[in-house]
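Biologist: I would like to learn how to read side-chain features in a model like this one. Could we go through it together?

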Amino acid sequence: AIIPLGANSITTDIKVGLQVMEYQAELLKKQFGNAIVEETTLEEIISIPGLRNRPPKEVSLRNLAQIIEARMEEIIEWVHSEIITSGFHNKL
């Protein structure tokens, strides 16, 4: 099976959810990303540079993790469904 979701989907989710540029979303994902919200604390905030004389943007690492976790759950559910459809679920 082909799962049409992956790293680019996560980056796009971050871009939209945090209202940042795509390259910033990719950097956030790689440097600070976590797929388990419970592993982050409420007070973890990072600042990313603003564009064109705009002030820096503060980003909650917990919000970042929530975005990543939601997409990862979707991917895992999709994979699980494909395993069941394939008939291999009892062999794993």
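Modeller: Gladly! Let's start with accessibility: E26 counts as partly exposed, because its relative accessibility is 22%. Buried means under 20% relative accessible area and exposed means over 50%, with partly exposed in between (1.4 Å probe, protein chains only). Please keep in mind that this is a predicted model, where local features need pLDDT of at least 70, side-chain atom pairs count only at pLDDT 80 or more, and totals for chains, interfaces and linings use all residues. Residues are numbered from 1 along each chain as its sequence is written, and side-chain values use heavy atoms, leaving out hydrogens and water.

Biologist: Which side chains meet E26 in a salt bridge?

Modeller: The general rule asks for a side-chain nitrogen of Lys or Arg within 4 Å of a carboxyl oxygen of Asp or Glu. Here E26 pairs with K29 at 3.1 Å, N to O, and with K30 at 3.5 Å. Of these lysines, K29 is buried, since its relative accessibility is 16%, whereas K30 is exposed at 62%.

Biologist: How many salt bridges does the rule give?

Modeller: It gives four. One of them joins E74 and R71 at 2.7 Å, N to O, and this pair is three residues apart in helix 3 (residues 61-86). Salt bridges with shared partners link D13, R71 and E74 into one network. Within it, R71 is buried at 15%, while E74 is partly exposed at 34%.

Biologist: And how do I read a nonpolar core?

Modeller: In soluble globular proteins, nonpolar side chains tend to be buried together. A core here is a set of buried Ala, Val, Leu, Ile, Met, Phe, Trp, Tyr and Cys residues joined through side-chain atoms within 4.5 Å. The largest one has 13 residues, and I14, L18, V20, L28, I46, I48 and L64 touch the most other members. Helix 1 (7-18), helix 2, strand 1 (45-48) and helix 3 each supply at least two of its residues, with helix 3 giving the most, four.

Biologist: Which residues does L18 touch?

Modeller: Contact means heavy atoms within 4.5 Å. Setting aside residues up to four places away in sequence, L18 touches L28, K57, V59, N63, L64 and I67.
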